[in-house]
Amino acid sequence: MKTPPLDDDINPCRPRHFKPAIGTTAQTDGSMKRSLDLSRARLVTTGAAFVAAFFVISLRLVEVTVFARPDVALNHPEMVKPLAFNRADIVDRNGQVLATTIETESLFADTRHITDPHATAVALAKILPDSDERDLETRLKSGKGFIWLRRRLPPTVVNAVNQLGIPGLNFQPEDQRVYPQGNLLAHVVGYTGIDNHGLAGIERSFDAALINSRQPLQLSIDLRLQAILHEEVGKAMDEFQPQGGAGIVMNIKTGEVLAMVSLPDFDPNNMDAAKPTQIFNRATLGVYEMGSVFKLFNTALALDNHKATLMTEFDVTHPIHYAGFTIHDYEPMHHPLSVAEIFMVSSNIGSAKMALESGPAAQKAFLDRLGLLRPATIELPEVGIPHYPNPWTDLSTMTVAFGHGISVSPMQYAVAAAGLVNHGVMVPATFIKPAPGTVPKGIRVATEDTSLQLRKILRLVVTNGTGKMANVPGYMVGGKTGTAEKAGLHGYQHHLLLSSFLGIFPMNDPQFLVLVMLDEPHGTKKTYGFATAGWNAAPTVQRVIARMGPLVDMHPIVETAAMQSELAIAIPDMGKKIAAD
């Protein structure tokens, strides 16, 4: 028996001895080729369509997930643009972070997808802090495609909302500015608004630069000194209960502001709780009649114009009566005083007579040269406008001599005072750390000799005068007290005082300035009821200097005979002439 042909296994129904008719093979081959070509074309077309569709879908997915906002934003122009500025950090001079940006989630709703506004409002009110259920329900019934429900939520709240699983509730990532140091640098760094734009302080002044930069903005502030100043002025606030206080620490040589506080202050992380009195910057925006600390300028004027020397005497035994006003001393003296003694015991009478020797025009020009008649040129937007006499009369000249009738900011005062003790060269204040090797350009405001004479009497105030409580052994501190009566509706208020103390050290070659001001301090049992600067502002400066000295690499100085001789002033019977300021 023969084996069937192999092809019979393929089609067993075909007759074994079948033969195609003549011409059938060629026709079949042509028809099959056309069919194959048509099928191939259809497959290519279909494949291309699939590839194109896949490409379009991929592009759409990239657009939605990478470049676009949530889908509701594509159809609703009222939706706010994402607020991701990548705002640069702000750091102190040593790189410590003072302000930075973190990413948070903000909750919004497409109310068209909220099927049960009441139930949703009830659920959200239990999760969102300080939310009102009725308000939420009203907003969820608005029919709008987009409404903000709560901005910048913590992760715990975001997770709780997600657990609800309610369609129509979505999150939008947003940048949030945070301040790790809290209220410690509130008036220096400032704060931003809900849209992350700077509204105060450095944040406002450098708003554009912070948005467009990836590099941190480095300030001149030393966080360690800032903490010391903040703590010590805070202690004075607690002890003497003033309505406000301010403090400044400055590098005299470079003009760098190393620390600055204004109290009361606020937490920039929680601006909703801040009150106007907390936001107000007393160090740069507030202007005050600062009292006897102004005698530094009056004495500098007399010395620089060669109207007097430190040994020139003025009669201070009787009050000055002029145009219905009386100028007197806190504690009357019964003998003439030299210029050095007038400064040491803080005599108003002596200062007024000294000022008249120079006259109104010269006094005004000198104070203008010191920058006291125009707003301070600093990198903060909160800058006060000084108030000064117009017209500038003889009476004005006498009152300005001891710090009344003219109002300046503590920052203006600090810059001018630093210039006078810095060998007569005034360097502009700055809150920005200069590049290494940068030498700040200053302007000469007094002669070298005038500066030396001023350093002598500043040291004298601390060793023998009204500023004894500011003395720090080993740091050769010099300074000046100032206690001004505050002006009211009916003249000066005898019991409302502004107490200030200017501290400079070391006096043989001044490096640092510390200024503290207390607005309406009260006397205590410890101060025997006195609220004057020698009892409150001076000891506050003393504590700041004692604590900051080691941090600025300033080792205690052993006063040599040469140092003492350079700053010595020979005043007979000096101990009998000391008065309380």
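**Close-up 1. Leu502 in strand β17 of the predicted model.** Leu502 lies in strand β17, in a model that is predicted. Because its relative accessibility is 0% and buried means under 20%, Leu502 counts as buried.

**Close-up 2. Surroundings of Leu502.** With neighbours within four places in sequence left aside, the contacts of Leu502 include Val293, Leu296, Tyr413 and Ala417. Leu296 is 206 residues from Leu502 along the chain, yet the C-alpha atoms of the two residues are separated by 9.9 Å.

**Close-up 3. The β17–β18 hairpin.** Strand β17 spans residues 491–505 and pairs with β18 in the antiparallel sense over 8 bridges. The two strands are joined by a hairpin through 6 residues. Ile504 has Leu513 of β18 as its bridge partner.

**Close-up 4. Pairing of β18 with β8.** Strand β8, comprising residues 244–251, is also a partner of β18, and this antiparallel pairing comprises 8 bridges. Here Leu515 in β18 is the bridge partner of Ile248.

**Close-up 5. The two faces of β18.** In a regular strand, side chains alternate between the two faces of the sheet. One side of β18 carries Phe512, Val514, Val516 and Leu518, and the other carries Leu513, Leu515, Met517 and Asp519. Both faces are covered, and the residues on either side are all buried. Strand β18, residues 512–519, is accordingly described as mostly covered, with 8 of its 8 residues buried.

Methods. Residues are numbered from 1 along each chain as its sequence is written. This is a predicted model: local features need pLDDT of at least 70, side-chain atom pairs count only at pLDDT 80 or more; totals for chains, interfaces and linings use all residues. Side-chain values use heavy atoms; hydrogens and water are left out. Buried means under 20% relative accessible area, exposed over 50%, partly exposed in between (1.4 Å probe, protein chains only). Helices (H or I, at least four residues) and strands (E, at least two) are DSSP runs, numbered from the N terminus. Two strands pair if DSSP finds at least two bridges between them. Contact means heavy atoms within 4.5 Å.
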